[in-house]
Every structure is written in structure tokens, then in C-alpha cells.
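Hi,

Here is the model I promised to pass on.

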Amino acid sequence: MASSDRLLQVHNLSVSFDTPRGEVNAVRGISFDLGREKLGIVGESGSGKSQTGRAILGLTGPGSRVTADRLEFDGINLLNADQATLRRVRGARISMIMQDPKFSLNPVMSVGRQIEEAYLVHTRANRREARERTLSMLASVQIRNPERVYDAYPHEVSGGMGQRVMIAMMMIPEPDIIIADEPTSALDVTVQLQVLAILDDMVSRRGMGLMFISHDLNLVASFCDRVLVMYAGRVVEVCEASQLHHAQHPYTRGLIGCLPSVSHPHEVLAVLDRDPEWATAPSAADP
Amino acid sequence: MTDHNGQTAGTGRAPSPPNRLRALVGVFFTIVLTFVGLTAVTFVISRVMPVDPVLAIVGDRASQEVYDQVYLRLGLDQPIWVQYLRYINSLLHGDLGTSIMTGQTVMSDIARFFPATLELATVATLLGVFVGIPMGVVAAVNQGRWPDHVVRVVGLIGYSVPVFWLGLVALLVFYAKLGWTGGPGRVEVYFDGIVEPYTGVLLLDAALAGEWEVFRNAVSHLILPATLLGTFSLAYVARMTRSFMLDQLGQEYILTARVKGVSEFRVIWGHAFRNVLVQLITIIGLTYASLLEGSVLTETVFAWPGIGSYITRGLFNNDMNAVLGGTIVVGACFVGINMLSDVLYRLVDPRAR
Ligand SMILES: Nc1ncnc2c1ncn2[C@@H]1O[C@H](COP(=O)(O)OP(=O)(O)OP(=O)(O)O)[C@@H](O)[C@H]1O
Ligand SMILES: [Mg+2]
């Protein structure tokens with residue numbers, strides 16, 4: 001990867017939380033680069049995938065502490081950036097799609113206004129221009145009736161439609177990087193594929209970098225270019241998506257072993273064995 | 001609405017005409033039922049009270065003849081439901097009977113006393129809303145830091161300090177010692193009766209008549225009781241706002257707004273607060289309605305001629321027409337405000353439309 005293609009550089013990133021029960025280390029010194037590619041992040045629940053994404057946007061929330069040797073985007077040091085700089089990056093340059101549109105859309109604001117806002121925050125456009133862009137954005141996420149959806153409220157749209165709205169909202173300022181945190185986990189299977197196709201199409205057409213967080217190993221293997229496997233706040237393996245099924249690390253092999261297979265059905269699915277060593281071994285380096 | 005692409009489009013959820021009509025009929029029945037229930041309960045209570053309404057009118061020196069005459073005139077020989085229907089009938093004709101204490105019709109008494117309560121309750125509620133809400137928001141946004149603690153202490157004071165004590169101390173300090181405010185009553189005696197009581201709300205009447213001297217004096221009298229009552233609604237409103245706001249700030253759509261790069265001010269007031277407002281409407285309606293009942297303690301301490309002390313005095317004087325009339329007006333207010341907050345709620349929350 002040429003260094004000019006490295007949109008985002010993450011070096012030794014850690015995220016921890018002060019809780020009444022002591023310090024929780026959500027992310028423990030991970031490193032990776034992101035170019036104009038589709039990078040999958042997989043790992044079990046609680047392995048720190050979401051917090052990695054949020055740390056990039058400076059949105060890990062109250063009580064959190066983020067440290068890194070380097071957290072750099074397009075020459076901007078995200079770690080020490082002030083709020084104003086961060087706000088200019090958020091949405092406009094790096095954006096994030098969340099899991100469930102039922103919760104991630106504001107229930108008392110019309111869908112159109114919410115998409116529009118993402119655009120208006122970063123431009124000097126007036127309301128009419130913003131509305132036009134919103135409508136064309138809705139059309140480009142294959143919503144057939146943009147005018148109608150524009151005026152709808154979140155409770156009036158289905159999950160698949162809500163997630164398209166979310167994609168439209170996060171794409172409208174044309175960011176360089178999209179973090180998609182399990183964007184299809186809340187949808188049923190047929191709709192999942194539609195939404196993925198839309199996301200894929202927009203990311204490739206605009207040449208963005210995509211960080212695709214998921215539980216679904218097969219999905220990530222087929223959808224992404226490269227995969228990062230996380231365990232207990234660390235990256236235990238990095239590989240080309242096509243090579244995922246030949247992965248070396250016992251944790252990754254374990255995850256693959258847990259998948260049901262149609263061609264080789266097992267009587268009993270394997271249960272993941274965990275080696276305490278994985279949690280303490282140094283993070284896998286970016287190749 | 002599902003088209004072949006599996007899309008559900010948000011379409012107008014406006015109720016179709018028959019639906020809307022049904023909703024309207026429903027509301028109408030609710031009003032009628034509430035009204036019947038309210039009047040029936042208060043009426044029965046007032047009649048089963050161990051009070052002789054005839055004696056209260058004629059006094060204990062009257063002859064048996066006079067007594068019987070009044071007894072018949074009041075219709076007390078009839079069964080209670082006939083008496084109730086008669087009462088409702090005259091109520092619907094705007095007649096609530098005559099008050100024994102004042103010798104006036106209860107209607108004209110209420111027209112005199114209720115606006116005083118309305119004035120006090122409205123100013124107190126406005127105070128609660130315009131000070132309590134920002135306080136609650138600031139506390140939530142700074143959870144665990146000093147602004148939060150300040151709000152918590154104010155809330156605690158608003159809850160635990162007795163009104164009459166605080167009222168007397170306030171009068172002593174600000175009226176008697178410092179002379180900054182007016183004393184008890186709505187206005188100084190020499191201003192009494194200067195302005196025509198069009199609305200009965202003295203501030204409005206004075207402003208309408210252009211009597212700014214009276215207006216200023218009325219304000220100086222209103223400040224203490226309104227602040228006192230306002231502190232209580234403020235404490236409640238601030239506490240509820242704080243907890244609603246904390247709840248909303250933890251929701252995921254807030255993270256979405258921040259991801260978009262929206263400023264923190266807009267995140268709080270443009271996104272979270274709109275959702276808080278939905279919940280607050282009911283709270284504010286309840287506080288306002290409870291203040292409109294008239295707060296007997298405050299009205300007593302400040303010699304405020306409001307509906308609360310009117311009803312209480314009626315009770316002590318066996319003046320059942322006054323009690324019944326006052327209670328019905330207060331109850332009607334309660335129902336009215338509840339319906340109003342219901343309408344507002346529907347306006348603010350698209351899910352309720
Ligand atoms: N606000 C917080 N306070 C304390 N601990 C937290 C907080 N947020 C996250 N954590 C902890 O950090 C760890 C990583 O959380 P994270 O949400 O990144 O996991 P994840 O990999 O996204 O899991 P999932 O697949 O369930 O979404 C978890 O153990 C979680 O309990
Ligand atoms: Mg997560």
C-alpha cells in the first residue's frame with residue numbers, strides 16, 4: 001500500500017474506562033492502517049470492535065481514556081485535536097453507520113431533516129439546496145419515493161429503509177472513511193443483502209475507505225478486502241479476506257470451526273476454546 | 001405499505017375522516033363522563049356531610065315555620081338523585097347557588113377569587129418552566145459536577161422546607177425589613193378597586209387600563225408568593241428535566257448526531273431536548289393544574305384572595321354551595337389542562353399522531 005493511500009494510521013491504540021468496579025480495558029494497543037479499501041473487523045462480543053471505531057471519532061464517551069502512539073487521519077492528529085477540529089472531521093471526513101436505525105435515528109425529527117442536517121452542518125448551502133441533495137441522496141440509496149420518505153418519521157419506516165436512510169445521512173457530506181458498525185445485524189437476511197449491495201456500490205464508486213465491523217466471518221470474508229481479527233481488545237490476526245479460511249491463529253481457526261457448514265454438516269458444532277495467552281500476546285502487526 | 005421491493009414507505013398516518021370523528025366523539029364522551037363523575041362525587045360528599053344546610057342559612061333562632069320553608073325551597077325533601085339533577089340543571093344554566101358567607105352568588109364569588117389563583121399559578125408555573133427546565137438541562141449535561149450538585153440542593157430545599165415558614169420569613173425579610181416588595185394581599189388598599197375587573201387578573205386589567213402605578217404595585221405584591229410557589233414547581237420541573245435529559249443523552253441517536261459533527265449545543269437543545277419536551281408536557285400540565293387548585297397555605301400566609309382559601313373558608317362555614325362550586329371549577333380546570341397537554345403531546349410527538 002502506497003503511503004499516500006493510507007487515509008488513517010492507528011498505532012498502539014488503547015481505550016479504557018473508569019468504572020466503579022475499576023478500570024476496563026476495552027482496546028489494548030492495536031495498530032492498523034486504513035486505505036481506500038474495505039477493511040473487515042471481526043471478533044466476539046466485547047472484543048473492542050465498536051470502541052475502536054468510536055475512538056477514531058473521539059466519541060468513546062464519558063469516563064473513557066484513549067491513548068495511542070499515533071492516531072492520524074490525513075495529517076490530522078485525532079488524538080490531540082480540539083473539539084472544533086474534531087467536529088469538522090466528524091461526518092464530513094469520517095462517518096459512522098450504527099447497528100439499528102430504530103435507535104440511531106431521532107424519533108421526533110423527520111427523516112429528511114436528519115439527513116439534511118448532516119449536510120448543512122458542513123456546508124453553507126441553504127435549505128432548498130440541502131433538500132434537493134437529500135432527495136437525490138435518498139434516490140441513490142434506492143428509495144423509490146424520496147419525497148414521501150423525506151417527510152416520514154423514523155417509526156414510519158422499516159428497518160431496511162431506516163438503514164438506507166442512515167447510509168444516505170452518513171454519505172451526504174461525502175466523507176473519505178465510513179465506519180459501519182454491524183450495519184446489517186438488525187435486518188432480516190434478504191434486506192441485509194440489499195443494504196450491503198448499496199453500501200458496497202457507494203463505497204467503491206466514491207473510492208472511500210470502509211471499516212466494516214461484524215460478527216459474521218463469512219460475510220466479512222466475501223465482502224471485504226482485508227480482515228482484522230480482534231480478541232479481548234487486541235488484534236490477533238490480519239489477513240487478506242480471501243485467505244481468511246486459511247488463517248493461522250488458533251482463535252480465528254476456532255471462530256471458523258464454530259461456523260455451521262452446509263457442505264460438511266457436523267453433528268455438534270465446535271465450541272470455541274480460549275487460550276489465556278491470546279489476550280496477552282502482542283497485537284499482530286499490520287503487514 | 002409494502003411495495004415489491006420490500007420497502008415500507010412512510011406515508012401520511014393522518015387519521016381518515018371517520019377515524020378523526022370517532023376520536024372527537026371519544027373526547028366528547030370523556031369530557032361528559034369526567035364532568036358527571038366529578039359533580040356526582042362532590043355533590044354526594046357535600047350532602048352526606050353532617051352539616052345542616054338549612055340551619056346554616058336561617059340560623060338557630062329561626063322558627064320551625066321558616067326552617068320548613070327553606071327546607072322545601074332547597075328541595076331537601078326530594079331523593080338525593082333528584083337534588084343532583086336539579087343542581088346539574090342549574091349548573092348548566094350558570095347558576096351555582098348563593099354563598100352563605102359572602103351573600104353573593106357562587107358564580108360571582110368564583111369570578112372574583114379564581115382569577116387571583118390563576119394569576120399566581122400562571123406566574124409560578126412560568127417561573128418553574130423557564131428557570132426549572134434550563135436548570136435541569138444544565139444539571140444533566142454536567143452530571144456529577146458542581147452545577148449538578150447546586151441544582152440537587154435547590155431541588156431538595158424546594159421539597160423539604162415548609163411553605164408557611166418560608167413564606168413568613170420571606171415576608172419578614174423582603175417586605176418588613178427591606179421594603180423591597182409589597183406585603184400581603186394582591187395590591188395596596190389605596191389602589192383597590194381602581195381598575196375595572198374585566199378579566200379579574202389584576203396584572204392584565206391594570207395593563208389594559210394603562211394604570212401602570214397599579215400594575216407595579218400588583219407586581220410587587222405578586223413577587224413573593226409567586227416566587228415561593230414557583231420554587232416548588234421549579235424544583236419538581238428541574239428534577240424531572242434532569243432525569244429525562246440524562247436518559248435521552250444516553251440514547252444512540254445522540255451518538256448519531258455527534259457523528260454527523262453537530263455542535264454540542266444543537267445536540268442538547270435540537271436533538272435531546274425535543275424528546276425531553278415530549279415527556280415534560282405532562283409534568284408541566286400536572287404542576288400547573290395542581291397550582292390552580294389554589295394553595296391554601298400560600299394564600300393564607302400572603303392573604304391572597306384565591307380559590308383555595310375560598311373553598312377552605314366555605315368548608316369551615318358549612319357553606320356547601322361555595323365548596324361545591326369551587327370544587328367543580330377546580331376540577332374543570334384539571335380536566336381542561338389535561339386535555340390541553342394531551343393535544344400538545346400529539347403535536348410534539350409524531351409517534352402519538
Ligand atoms: N462506557 C463503557 N464503560 C465501561 N466499559 C465499557 C463501556 N463501553 C464499552 N465497555 C467495555 O468495553 C469492551 C469492548 O466494548 P465494545 O463495545 O467495543 O465491544 P464490541 O466488540 O463492539 O462488542 P459487540 O460485538 O457486542 O458490539 C466491553 O467489554 C465493554 O464491556
Ligand atoms: Mg459493538
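Between chain A and chain B there are two salt bridges, meaning a side-chain nitrogen of Lys or Arg within 4 Å of a carboxyl oxygen of Asp or Glu. In one of them, Lys260(B) pairs with Glu117(A) at 2.9 Å, N to O.

Bear in mind that this is a predicted model, where local features need pLDDT of at least 70, side-chain atom pairs count only at pLDDT 80 or more, and totals for chains, interfaces and linings use all residues. Residues are numbered from 1 along each chain as its sequence is written, chains are lettered from A in the order in which they are written, and side-chain values use heavy atoms, with hydrogens and water left out.

On to the rest of the interface. The contact (heavy atoms within 4.5 Å) involves 40 residues of chain A and 31 residues of chain B. About 3,100 Å² is buried between the two chains, 55% of it from carbon and sulfur atoms; that is the accessible area (1.4 Å probe) lost on putting the two parts together, summed over both. Val108(A), Arg144(A) and Glu156(A) supply 20% of what chain A buries against chain B, more than any other three residues.

One more thing, on chain B: a nonpolar surface patch with about 970 Å² of accessible area together includes Phe164(B), Trp165(B) and Leu297(B). Patch members have over 30% relative accessible area and no salt bridge, with nonpolar side chains joined within 5 Å, and areas are Shrake-Rupley with a 1.4 Å probe. Helix H7 (residues 163-177) of chain B gives the largest share, seven residues; helices here are DSSP runs (H or I) of at least four residues.

Cheers

Notes. Patches are made of residues with over 30% relative accessible area and no salt bridge: like charges are joined within 9 Å, nonpolar side chains (Val, Leu, Ile, Met, Phe, Trp, Tyr) within 5 Å. Helices (H or I, at least four residues) and strands (E, at least two) are DSSP runs, numbered from the N terminus.
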